[in-house]
Every structure is written in C-alpha cells, then in structure tokens.
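Here is a short briefing to read alongside the model.

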Amino acid sequence: MPVIGSLVPASLAVAAPTRRDFYKELGVGTFINAAGTYTTLTASLMWPEVVQAIEYASKSFVRLTDLHDAVGKRIAELLECEAAMVSSGAAAALTCGTAACVAGTNPEFIRRLPDIAGMKNEVIVQKTHRYGYDHAVRNVGIKFVEVEGEAELERAINEKTAMMLFFNASDKTPVSAERFIAIAKKHKIPTMNDAAADAPPTGVLKDLTKLGFDMVIFSGGKGIRGPQSAGLLLGRKDLIEAARLNTSPYSDSVGRGLKVNKEELLGMMVAVETFVKRDEKAEWKEWERRCKQIIDSVSSVKGVNTEVKVPQISNRVPHIHITWDEAKIKIKPKDVVKALREGTPAIEVTPSPADRVVVAVWMLQPNEAEIVAKRIREVLKSAS
Ligand SMILES: *Cc1c(COP(=O)(O)O)cnc(C)c1O
C-alpha cells in the first residue's frame, strides 16, 4: 500500500494537536466547584457524551433548519411533549417563546419586533413572579401587567393579552399552576413556565407540559449538563413553529442574536438523552456520600454545626449548611469563603446568607469531596 499521506504537501498536512494548558497560559484560575450551577462560574461540566456529539457535529456541514427540525422532533419524543426547540439558553427561550405569542408567524410582525404597535402586546404575570430574567420577555417590546390573586388575574385578560408568564421556582405563588392554566385555557391565552433551574429531578422535564403549560423552559447547561449556551423550549407545536420563525437563522427577527449552531443542537439533544437515562438513585447516593464525608470532617472541629437542606424547587439537590459558635471559632463565614477561594486548590462555595457557609456537592468531580472536606476543616480549625 502506498502511503497517501506522503503525497500531501507538508503545509497542508493536519498538525497533530499539542496539549495546551490554555487556562494556565492565560492566567485564568480554575477551581473546585462546591457552589452549584452558577452562570458566572460556568455552571456545569458537559457529559462526555455531549462533548463527543459536539466534536462529531463540528466535522460536517448540514442545512441548519433540517437539523433544528430533526433534533426538536427527537427531544419532543424523549420528553413526551408536542414539540421542542433548542435555544441559546433559557433566557433566549423566554424571548423566542414570547415573540411567538406576540408576532406569531406573521412576516410583517416578525420583522417589526420589538415595535409591538397593533399586536397583542401585554403579558400577564403574578406580582410575586417578577424576576431578573423577565428582561428576556421584555426584549420583545411587551408590557407586563402585574396581578395579585385569581380575580385580578381574570380581570386583566383582554384582547391585547399575548401570554401569561409563570415563574416555577417563585417562593410565593398565590395563583397555583393548576388554576393559572385553567384560567388561561378558559380565555385561550398561551402560558409559559420558566423552570430553567428545576431539573433534576428527571420527571420535571415531562411533568410541566403534561400539567398543561403551553410552553416550558429549561436551561441546557445547568443540571441537565448540556452546552451552557443552550436551552429548551418545550410545548405546543404551533407556538414552537412560530418561535423558530422569530429567531436565527432568520436575519430580520428579534431573536437573530440568539443563534444556535449544529454543535449546540446535537450537544443539547445528547444531554437530554444522557440526563433522562442516568441512574437518578445512584447519583443521589453519591451526593449523600459526599455530604457525609464533608460533614464528618468539619464537625470534628468543636463548635461546628451542620445540616443538609434540599431546596424545594430549583437546585433540588443536597446542600450542606455549616454554622459555628463564633465565640469558639473566631472567623466570619465570609472570611471562610475568602480563604477557600484564595487557597490551593481554590474552592468556590454557594452564595449564602452572612451567617453560614453553604456547600453544594453535585458539581464536584471524583475525589474533590475529600479535598473540600479537608480544606474547610483546616480553615475552621486554624481559627479555633
Ligand atoms: C438560569 C436561569 C435562567 C437563564 O438561563 P440560561 O440558560 O443561562 O439562559 C432563566 N430563568 C431562571 C429561573 C434561571 O434560573
């Protein structure tokens, strides 16, 4: 066999990749993530299967809308909903889904957003459900109509109502999800539920569309461990089709900047596949093991108290709350956080109230629970 490679001019041969330590080169520090899936801390690490899919995607050209269609169909089958689309994040899904309710599939309206003159342009929301991320809904040009209670909600509905927005993780929900959906259905108003940070558990990916929300949103790069620049918009077929027309690759649309390419599309699809298949019980057991390891270590310092808490809706995973008697251990929680951040290896913990240190174990990599256990103990011990 002739060696074909030998005929390729050296200048065109693909160089063997060198192993570069980019973060070191750039002087950008890495850290052990005992915080959780925070965007500013780059959220989660993708499943190896997702990285493989992204690499696969990067090697051929495809027609983008064909891939969008096919991936959406596969995700909808997996999550047992009518339709699905991959967005460039949960916030992007909020914008695209809102645009679907305001401009729909009307080409003139799509081109004109965020100028909403002559369109249905009001979004009803419970006052307690206003939050930072609703900026992504306002990007479409809509006006929020805030309501308190069922009667006011029903009175607010009129011919300008485009959509009703629900924030799944709100700690105050006077009008329950079930009643919210029932009222919306009675008046034929589409509903959207932002559940960005609410998976795991696995079931929630199917439950909220089955409950009757017309659109449900998840972050791709939080607990699902897909690309951090991806998200999911799940729900009614007509609305997903309209959402697709209001975003990239269509140049003259409000969502053109919210592009997803083939890498995010395949990466997100494989993240969903991997996430729903994983052994949820074994995963939880491992988290409990990590908690025990950290608790055993830090509670050996006299005056330290620990408690494991699981938030009810978002980030529904074990968090260790560490408090201590400051008469015995003379250091403030914020200075423990600083010592962990500035130590070697650097450790980030969950942002929390000033009276405690909170550790999330779900983003730790193998053998890191041991390191976190040892470092927190050292810092507390040295102040006692
Ligand atoms: C994180 C989050 C978002 C934004 O998610 P991205 O995927 O980063 O765009 C939106 N809504 C809520 C409730 C979130 O927690």
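R278 is buried, at 13% relative accessible area (buried means under 20%, exposed over 50% and partly exposed in between, with a 1.4 Å probe and protein chains only). Its salt-bridge partner is E283, with the closest N and O atoms 3.0 Å apart; a salt bridge here is a side-chain nitrogen of Lys or Arg within 4 Å of a carboxyl oxygen of Asp or Glu.

Please keep in mind that this is a predicted model, in which local features need pLDDT of at least 70 and side-chain atom pairs count only at pLDDT 80 or more, while totals for chains, interfaces and linings use all residues. Residues are numbered from 1 along each chain as its sequence is written, and side-chain values use heavy atoms, with hydrogens and water left out.

**Salt bridges**

- Across the whole structure, the search finds 34 salt bridges.
- R130 and D134 pair through their side chains at 2.7 Å, N to O.
- Of these two, R130 is partly exposed at 29% relative accessible area, whereas D134 is buried at 2%.
- Shared partners link R130, D134, R138 and E146 into one salt-bridge network.

- R244 is buried at 15% relative accessibility, while D69 is partly exposed at 45%.

**The ligand and its surroundings**

- The residues around the ligand are T39, G89, A90, A91, Y131, Y133, F167, D194, A196, A197, S219 and K222, where a residue counts if one of its heavy atoms lies within 4 Å of the ligand.
- By class, this shell has seven nonpolar, three polar and two charged residues; Ala, Val, Leu, Ile, Met, Phe, Trp, Tyr, Cys and Pro count as nonpolar, Asp, Glu, Lys and Arg as charged, and the others, Gly among them, as polar.
- D194 places a polar side-chain atom 2.7 Å from a nitrogen atom of the ligand.
- K222 has a polar side-chain atom 2.8 Å from a ligand oxygen atom.
- A polar backbone atom of A90 is 2.8 Å from an oxygen atom of the ligand.
- On its own the ligand has 380 Å² of accessible area, and the protein covers 88% of it (Shrake-Rupley method, 1.4 Å probe).

Terms used: A polar contact is a pair of N or O atoms within 3.5 Å; within protein, one must be able to donate a hydrogen and the other to accept it, and residues adjacent in sequence count only if both atoms are side-chain atoms.
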